[in-house]
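Below is a guided reading of one protein model, meant to be followed with the coordinates open. The text moves from a sheet and its helices to charged pairs and then to a surface patch.

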Amino acid sequence: MTKKHTIPSVPPQTLEQAHELIYKLLERIAELEDRLNQNSGNSSKPPSSNGPGGTPPARPRQRSGKQRGAQPGHKGHRRERHPLDERVTLAPHYPSETCICCGGDMLAHAKPHRVHQVFDLPDVSYFMTEHQLFRATCTRCIHTDEASLPETVSHTQMGTNLLSYIALQSGQYHQSISQIQSQLNQHFGLRFSRGAISEAQGRVSAMLTPTHQAIKHQVQTAPNIHADETRHQRGGERRWMWLALSKVAVCFMTAFGRGQDAARRLLGDVPETSVLVTDQYAGYRFMDNGQRQLCWAHVARNVAAIADSSERTNHPIGARLVLLADTVFRTRHRWENGELEHEQYLRRLRRCRQSWRVQLERGMMLCSSRYRGRCRFLLQDDDMLWTFMADDQVALTNNEAERALRGYVLWRKGSYGVWSQRGELFRQRILSLVETAKRLGRCPQEWLRAVIRACIEKTDYPIPEELCASSHSG
């Protein structure tokens, strides 16, 4: 919450009161200057908020001396020749039958000396099956009977492929309902109302219920979990979109608030051996310190703000904290690349941790009042900063969750939120399927088609084996 600053109604009467007022005004100026200098490198603001000319200065890095682009000796990548199958049409071209040199007859070679393949898209349309239901009358008792639709036929006007197309245009490609309506008309010649498209999304959402439950269970029982949240709009109400992911699954969930109740509902009963990677948000503090790993990318931005502050007293401590945060990243990367032995890796991290605590303690005493609290909070959360030292599988940052959340943020900006409970459920379920498919290396379209086909034709519901594995496999 923003601190309120009020101008005293009575001007200072004494020199001490004047000095006190000047001191408060200087603090206020420093705070406003720090806020003005915020960018994506020293705060939680996204890079898109930097604006033209507002990009944060890049950290000094030694030049490699190499030119841009491919380096000498780089193996080129070229498109392989497409195999000859039913999709290929051959168009042979021969030279003149008469030699241009002497006028003799030319004999064509059996194989082409060069092939040139041109790819194109077919003319796309739709097909429709009209199910005609007849009546029949008994010739003896005049009883009339009516045929009914087979159970394997969709009871709506949309089939498997059309339903999956509409769902993925929203969930994977972030299109609004109006844009999907336009695409269906432009590409396929199909005309459906916006209400029909919204209803189709609701049908797909109901079909995805078992898939979403399996994804959520897999994430809640995984040994390493990442979590994050962002604002979500439903009508005129501000709500929140939560996300939790494991190695193989991503689960989205909408909630009214951003408190611990929503976090508990998302994460469930986390096993005692699991570790949760998050930012420093207090909504996750119901977890034990030993089960949390704070994102070092967020921490690095926090200490960069100290180094970039307008008050010079903060610069030395901020610069040392930035250097130590960079050292943590560099040490981790060198160990992951095989340049450090495990014991050497841990020994360097222990030295970094000791220096880190020393600098934070100095910051609590020497920094300006605005940043003393930041140093104090970092020192209080020290145990949660170094959980990764006890488990090599724990990540240093929460970047995976932020990358998985990026698609929803783009969708939210383009379609202005949802207006109903049905829309909320559809978003969290289709996003869970799309992002989980990416992590599993599956095609979202094929997976979604299999789910819709199984629901329409009343066959076995497809759940990927990775989501049915034992709890600590992901």
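Buried here means under 20% relative accessible area, exposed means over 50%, and partly exposed is in between, with a 1.4 Å probe and protein chains only. This is a predicted model, in which local features need pLDDT of at least 70 and side-chain atom pairs count only at pLDDT 80 or more, while totals for chains, interfaces and linings use all residues. Residues are numbered from 1 along each chain as its sequence is written, and side-chain values use heavy atoms, with hydrogens and water left out.

The sheet comes first. Helices (H or I, at least four residues) and strands (E, at least two) are DSSP runs numbered from the N terminus, and two strands pair if DSSP finds at least two bridges between them. Five strands make an open sheet with mixed pairing, in the order β5-β4-β3-β6-β7. Its edge strands are β5 (250-255) and β7 (292-294), each of which pairs on one side only. Direction ignored, neighbouring strands of this sheet are turned by 25 degrees against each other on average; axes are lines fitted to C-alpha atoms, for helices over the stretch in contact, and angles run from 0 to 180 degrees between N-to-C directions.

Strands of a sheet pair through backbone hydrogen bonds, either parallel or antiparallel. The parallel sense is found between strand β3 (residues 224-234) and strand β6 (residues 275-278), which pair over 3 bridges. Within this pairing, N224 has V275 of β6 as its bridge partner. N224 lies in strand β3 and counts as buried because its relative accessibility is 16%. Between the C-alpha atoms of N224 and K247 there are 7.5 Å in space, against 23 residues in sequence.

The antiparallel sense is found between β4 and β5, joined by 6 bridges. A hairpin of 4 residues connects β4 to β5, and L245 stands opposite V250 in β5.

Helix α12 (residues 399-415) touches β3, β4 (237-245) and β5, and its direction makes about 15 degrees with that of β3. Helix α13 (residues 421-440) also touches β3, β4 and β5, and its direction makes about 165 degrees with that of β5.

Next come the charged groups. Side chains of opposite charge can pair when their charged atoms come close. A salt bridge is a side-chain nitrogen of Lys or Arg within 4 Å of a carboxyl oxygen of Asp or Glu, and the structure holds 15 of them.

One joins E229 and R258, at 2.9 Å from N to O. This pair links distant parts of the chain, with E229 in strand β3 and R258 in the loop between β5 and α6 (260-267), 29 residues apart. E229 is buried because its relative accessible area is 7%, whereas R258, at 30%, is partly exposed.

Another salt bridge, of 3.0 Å from N to O, joins R285 and D381. It too links distant parts of the chain: R285 is in the loop between β6 and β7, D381 is in the loop between α10 (369-380) and α11 (382-385), and the two are 96 residues apart. R285 has 40% relative accessibility and therefore counts as partly exposed, while D381 has 6% and counts as buried.

The salt bridge between E336 and R332 has its closest N and O atoms 3.0 Å apart. These two residues are separated by about one helical turn because they are 4 residues apart in helix α8 (residues 315-336). E336 is partly exposed at 48% relative accessible area, and R332 is buried at 4%. Salt bridges also link R234, E237, R239 and E424 in a network.

I22 is found in helix α1 (residues 15-36) and is partly exposed because its relative accessible area is 45%.

Note on methods:
Contact = heavy atoms within 4.5 Å.
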